[in-house]
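Let us take a walk over the surface of a protein. Have the sequence and the 3D view ready.

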Amino acid sequence: MDVETPVMPEANRRAGRPSGPSPGRGRWWIETGIVILIALVLAVVLRTFVVATYSIPSGSMEPTLQIGDRIVVDKLSYDLHGIGRGDIVVFSTPKDEHCAGPPVANLVKRVIGLPGETISLAGGQVEINGKLLPEPWLPPAVRLETIPGPSGQPYSLEVPYTVPKGDVFVMGDNRTQSCDSRYWGPIRESTIVGKVDLRIWPVSRVHWF
């Protein structure tokens, strides 16, 4: 019985290569898969330990941050340096926060008082250790509108209040519409998720803080 001998394509014969799929193509798919896997792992690590994005649900930080703005939070910032006055921070909602509206896991406010400082109000303005606090982040129209909170507690600022060690005192920029430390007290530094570094949405208002 005659058996046919497979015929190798002329081009492969000349190159000395067997016919069929190239080994290089399989290697390309493996390398591509590894690159994608590394990218996914890096994305998870960055989101878990380095940065996070949040959407602003209320107007307590207007006009600096408006409802629907999306912000980027640096989670490592305070591992490298201390908290600064004027920083905008995201932190875990305090257990004593009972303001109107649906409960949320995190809040965003501005740091006003640091540990050991005494905060007071005079003529609708904030004073730190008896000295007027310049607040360039507030629109001129509201710089005389900071009033005590309704709680009757020392932190409401009806009287001067000294921020405990390990705490910071935070307020919203929309002073007449912000439920903040005047309502539920200072926050523990350990509850701060990170510092707001960037507004990424809307595109027309992208801004570094």
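Predicted model: local features only at pLDDT ≥ 70, side-chain atom pairs only at ≥ 80, totals over all residues.

Start with the empty space. Rolling a probe the size of a water molecule over the atoms shows where such space is left. The largest pocket here has a volume of about 590 Å³. Its lining is made of 26 residues. Look for Pro57, Ser58, Val104, Asn106 and Leu107, which lie nearest the centre of this pocket. Two elements, β1 (51-55) and β4 (106-113), each give two or more residues to the lining. Of the elements, β4 gives the most, with four residues. What is the lining like by class? In the largest pocket, 15 lining residues are nonpolar, nine are polar and two are charged.

Now move to the second largest pocket. Its volume is about 220 Å³. Here 13 residues form the lining. Nearest the centre of this second pocket lie Pro94, Lys95, Pro186, Ile187 and Arg188. The lining of the second largest pocket has five nonpolar, four polar and four charged residues.

Take one of them, Val206. This valine sits in the loop between β11 (192-201) and β12 (207-208). Is Val206 buried, partly exposed or exposed? Its relative accessibility is 46%, so Val206 counts as partly exposed. The cut-offs explain this: buried means under 20%, exposed means over 50%, and partly exposed lies in between.

Definitions and conventions: Residues numbered from 1 in each chain as written. Heavy atoms only, no water. Buried < 20%, exposed > 50% of the residue type's maximum accessible area, 1.4 Å probe, protein only. 1 Å grid on protein atoms, 1.4 Å probe; cavity = no way out; pocket = protein on both sides within 12 Å on 5 of 7 lines; lining within 4 Å. Points joined across faces, edges and corners; volume = space filled by probe spheres on them. Nonpolar A, V, L, I, M, F, W, Y, C, P; charged D, E, K, R; others polar.
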